[in-house]
Amino acid sequence: MSEHRYPPKELVGDYARAALGVAATGGPLLFVPASPVMMWLLGGLAALFLAFGARTALRQTTVVRVDDAGITAIGPLGVAIAWSELGRLGLAYYSTRRDRSRGWMQLSVRGSGRSLRVDSTIDGFREIVAIAADHAEQRRLNLSPATIGNLAALGIQANPLDTAADDGARTTRAGQA
Amino acid sequence: MLGYLVHRLLIMIPTLLAISALTFIIIQLPPGDYLETYIAELESQGENVDPEKIEFLRQQYGLDQPMIVQYLYWLGGLLQGDMGYSFEYSLPVSQIVGDRLLLTFVVTLATVLFTYIVAFPIGVYSATHQYSWSDYGLTFLGFLGLATPNFLLALVLLYLTNRYFGISIGGLMEPEYVDQPWSMGKLMSVIQHLIVPTIVIGTAGTAGMIRRLRANLLDELQKQYVVTGRAKGLPPVKLLLKYPLRMALNPFISDIGDLLPELVSGSVIVSVVMSLPTTGPMLLSALRSQDMYLAGSFLMFLALLTVVGMFISDLALAALDPRIRLHGGATK
């Protein structure tokens, strides 16, 4: 069993982004009588940045536990997904730069109608991904080409033949069985 | 995705502010202001100009204030939906551009739809039937579209539609509907008149997009995962739609960012040739006469379209293909 947390120094940037966003979009509404369109637009954006700040606070208080039974987020909005119920695994990479550098990854795990997302800023991210990918492999889940590529970038090999032509692969396995 | 959305939005805000400042500075860069251009114009026609009246106008419109004050005044006005005052038309900018922005939006939307609806199937067909007669034919048409000047195509199509379909030359509606309230007849007239500008403005973009989609799809079709899928007996159409086409769509989506402003600003010559009541010719006139609030509002609109277009295409790309590029690398 292992437990993982978001290091506070990694969350400082997100808190700053949320504060900056609320100030830049909500600030003008306090000082200038905006038109209704601008009010909705800036108000909506301010609400989005507030939600992002709330999510960051939520992450600060959340512990992600990974064990043989499944993956669990322990915190105010906790969620638990058993490996036996794992239905989908995705690993996305996001970057705001044109050369796609200095980005971050996000692992999303879904099962029994519940989903859990973990960003690469958490400590031991690779370990979590490796365990989740291993269980996905055992359950023969279809992984998207993007997920396979991102797993490879972390040094985790998924079987591309199973996913590149999933329907064909299933047919072949059924034939072999 | 929320994190990506927030990162991307935070880049947009300073970008738009920087563009607004640059726009304002560039409009102010030529010597003098609108009133000086106006005086020179009157004097060239032999008319007398009352200096007191000019000074009064300069004070009234804030042209005697420092540039930074004028900029902040304009920016604050934008937040309140007040885009400033047009000296040339002696009306608030919002009143002048209202209908033009609507018609520009209609022309733009029709052109984008035309571009995508025509380019997508042709690009896919050309790639999947490489070096066939139909591929050669469509490629020839594509090069023809790229090479034909828009204004020339506009003149030819205007003549043909007038001669064979009786549609009036120029404009976006029959002359009797100009400045009339919206009605079914006016709407039908606009739709009829939309056909030629849509084809003319959309042709070059369509041809370019066909070439890019064909090239990208051909690249993807030759990759190993497609060969593997084929070898494993995946139906050809399913294989095409599920994997290589998705990958080949990336440039299609990233084009949205360039497409939106290009359709507004890039169609100025066509709009002049076809007398379209869109924003292009008005922007040209505003820039020439230094009608700064009108020109500034248009340029901000173009900048907003560019930034929003980039934002939409980046979000779509992040959702469609969130792959790491190994030469870039993740830092966290």
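## A helix crossing in chain B

Helix α5 of chain B covers residues 93-128 and helix α8 of chain B covers residues 184-221, and their axes come within 6 Å and cross at roughly 35 degrees. Such axes are lines fitted to C-alpha atoms over the stretch in contact, with angles running from 0 to 180 degrees between N-to-C directions. Where α5(B) meets α8(B), the contact residues comprise 19 nonpolar, eight polar and one charged; here Ala, Val, Leu, Ile, Met, Phe, Trp, Tyr, Cys and Pro count as nonpolar, Asp, Glu, Lys and Arg as charged, and the others, Gly among them, as polar.

Residues are numbered from 1 along each chain as its sequence is written, while chains are lettered from A and ligands numbered from 1 in the order in which they are written. Because the model is predicted, local features need pLDDT of at least 70 and side-chain atom pairs count only at pLDDT 80 or more, although totals for chains, interfaces and linings use all residues.

## The layout of chain A

Chain A contains six helices and seven strands, which are DSSP runs numbered from the N terminus (H or I, at least four residues, for helices; E, at least two, for strands). Along the sequence these elements follow the pattern β-α-α-β-β-β-β-β-β-α-α-α-α. Of the 177 residues in chain A, 28% count as buried, meaning that 20 or more other C-beta atoms, placed from the backbone, lie within 10 Å of the residue's own, while 12 or fewer make a residue exposed and values in between make it partly exposed.

## Domains in both chains

An automatic or database domain assignment divides chain A into domain 1 (2-60) and domain 2 (64-176). Eight residues of domain 1 of chain A are in contact with 12 residues of domain 2 of chain A, where contact requires C-beta atoms, placed from the backbone, to lie within 7 Å. On the domain 1 side, strand β1 (residues 2-5) of chain A gives the most, with four residues, and the residues of that side divide into three nonpolar, two polar and three charged.

Chain B is likewise divided into domain 1 (2-92) and domain 2 (99-290), and the C-alpha centres of these two domains of chain B lie 34 Å apart.

## Nonpolar cores

A nonpolar core is a set of buried Ala, Val, Leu, Ile, Met, Phe, Trp, Tyr and Cys residues joined through C-beta atoms within 7 Å. The largest has 30 residues, of which Leu107(A), Ile128(A) and Ala132(A) touch the most other members. Among the elements of chain A that give two or more residues to this core are β6 (104-111) and α3 (125-138). Leaving aside residues up to four places away in sequence, Ala132(A) touches Ile71(A), Leu89(A), Leu107(A) and Val109(A). A second, separate core of 18 residues includes Phe24(B), Phe87(B), Ala286(B) and Phe298(B).

## Residues in loops

Ser112(A), in the loop between β6 and β7 (114-119) of chain A, has a positive phi of about 55 degrees although it is not a glycine, and Ser112(A) counts as exposed because it has 12 C-beta neighbours inside 10 Å.

How values were computed. Contact = placed C-beta atoms within 7 Å.
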